[in-house]
Amino acid sequence: MILAAAIVSFAVNVRKRHPHVDRPLLDLDCSLFLVPMTLAGTVPGTILNVVFPTWLIGVLLVVVLGITAYRTLKKGVKTLKKERADSAKKKASATSMYPSNDGDGTELVGAEEAADEEDVEPEEEEEEDELEKGHRLLREQMMEEEKKFSMKKFAAMWGMWIVLGISAIIRGGHGGSLFGIDPCSDNGWVFYTFAIFPVVFCTAVCMLYGRHLSRRYSLKQKIGYKFAEGDFQWTTKNTLVYPWMAMLGGIFAGLLGIGGGMVIGPVLLELGGHPQVSSAVSAFTILFTASATTLQFILLGVLEYDYAVYYAITCAIAAVVGQKAVGVVIKKYKKVSIIVFCLGGVIGVSAVLIAGIDVGQTIDDIANNRSMGFQAEKMCVNATLA
């Protein structure tokens, strides 16, 4: 169901433009940087999902969503305060331009300063030196490149997805492997090799691209590139810290069955990203993590297709309605903090509902004498399930 919603969100967001500059709303640099680590995290996450008891998955899900909801709502309050402060500044600025009557004459506030400026003769502009000319041309080139949706970066992300998918098909799982691999047999080393390989591969890609982003960010600062409000600051520190948060989001996506973007979204907001851009990137990330997780669940033999189809259709419809409704509200009230509050609210409500469901499921498991511990034997192809 998460995958269906992610597909709809991508179809809507890919056509949108950034609210402040002429470039796509979807930041592919951020996506290409974080997607590898989130994909890498789904591999151990889906394996742990099979082994962990239901009650523990529920507890972890409530804790993760609860913390995420709190931090997201806190960020929403901060964003709302900033919007109100900016609105007050604009009103004050507009008021200072109104005419004020004093005695017999009428003057404009700031008119004296304007007259003084007129008395000053403009100095001759110095001829642009070669260094500044080079910086200007480089800035123009960067801005021109950023106006377009990069199919190369988009294809690169799907290339990594294919590597992960092939690895998942080779190692198989509870549903069996096309190559007869059983993690509990003599050829189990093949299973674990192809479980580790995509993690190492995606991590290496992320680290290399993070180095590229850090260098490009430093270059932009050097040439006087004008950053838009909410642009991600790819400092060396951020490129080293945030990928591991992305991997954690991928692990939770596989382990708990949630979209990695529910964790990545708040991380992007913490990074200072614009709410609309952060929302688009997190939804785009979910497209990859959810599809990768779905493929691995199919191979592990634990996907219930009837429920999957029903909830996929429901979520697709809800995603369309949600996208349209939020767009209308933001356009009317001019407050992007609405996105942050919606995200935090949905996550918070999910945590409460899941807590109730988990309690009921745990009581049922105890009443029916089901195993309450870890079940590593579920990984075995020939294991007999309780």
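**Entry 1**

I started with Glu146, which counts as buried because its relative accessibility is 16%, where buried means under 20% relative accessible area, exposed means over 50%, and partly exposed lies in between (1.4 Å probe, protein chains only). This is a predicted model, in which local features need pLDDT of at least 70 and side-chain atom pairs count only at pLDDT 80 or more, while totals for chains, interfaces and linings use all residues. Residues are numbered from 1 along each chain as its sequence is written, and side-chain values use heavy atoms, with hydrogens and water left out.

Next I looked up the salt bridge of Glu146, a salt bridge being a side-chain nitrogen of Lys or Arg within 4 Å of a carboxyl oxygen of Asp or Glu. Glu146 pairs with Lys220, and their closest N and O atoms are 2.8 Å apart. This pair links distant parts of the chain, since Glu146 is in helix α5 and Lys220 in helix α7, 74 residues apart; helices (H or I, at least four residues) and strands (E, at least two) are DSSP runs, numbered from the N terminus. I noted that Lys220 is buried too, with a relative accessible area of 11%. Salt bridges that share partners join Arg23, Glu146, Lys220 and Asp231 into one network.

**Entry 2: other salt bridges**

I then turned to Glu145 and Arg216, whose side chains meet in a salt bridge at 3.7 Å, N to O. Glu145 lies in helix α5 (residues 130-146) and Arg216 in helix α7 (residues 188-223), so this pair ties together parts that are 71 residues apart in sequence. Glu145 is partly exposed, with a relative accessible area of 44%, and Arg216 counts as partly exposed at 21% relative accessibility.

A search of the whole structure finds 11 salt bridges, and I looked up one of them between the side chains of Lys153 and Asp29, at 2.7 Å, N to O. Because Lys153 lies in helix α6 (residues 151-171) and Asp29 in helix α2 (residues 28-51), the pair ties together parts that are 124 residues apart in sequence. Lys153 counts as partly exposed at 25% relative accessibility, whereas Asp29 is buried at a relative accessible area of 16%.

**Entry 3: two helices**

I checked the span of α7, where 36 residues at 1.5 Å a residue should span 52 Å, and the end C-alpha atoms are 54 Å apart, which agrees; the expected span is 1.5 Å times one less than the number of residues. After α7 comes Gly224, whose phi is positive, near 80°.

Helix α11 (residues 305-333) has 29 residues and reaches 41 Å from its first C-alpha to its last, close to the 42 Å expected. Within α11, Ala319, Gln323 and Ile330 are buried, and what covers the buried residues of this helix includes α1 (2-13) and α12 (337-367). Lys334 follows α11 and has a positive phi, near 60°.

**Entry 4: a buried loop residue**

What does His274 touch, not counting residues up to four places away in sequence? I found Pro19, His20, Glu229, Gly230 and Val336, with contact meaning heavy atoms within 4.5 Å. His274 lies in the loop between α9 (261-270) and α10 (275-300), and it is buried, with a relative accessible area of 5%.

**Entry 5: the surface**

I looked up a nonpolar surface patch of about 330 Å², made by Trp55, Val59, Val63 and Ile67. Patches are made of residues with over 30% relative accessible area and no salt bridge, like charges being joined within 9 Å and nonpolar side chains (Val, Leu, Ile, Met, Phe, Trp, Tyr) within 5 Å. Val59 sits in helix α3 (residues 54-95) and counts as partly exposed at 38% relative accessibility. The protein chain exposes about 21700 Å², of which carbon and sulfur atoms supply 63%; accessible areas come from the Shrake-Rupley method with a 1.4 Å probe, and for residues only the protein chains shown count as cover.

**Entry 6: the whole chain and its confidence**

I counted 12 helices and 2 strands in the protein chain, and buried residues make up 42% of its 386 residues. The chain averages a pLDDT of 78, and 84% of the residues score at least 70, pLDDT being the predictor's confidence in each residue, from 0 to 100. Over residues 103-118 the pLDDT is below 50, and this stretch has 11 contacts in the model beyond near neighbours in sequence. I also noted that pLDDT stays under 50 over residues 120-125, for which the model has 0 contacts beyond four places in sequence.
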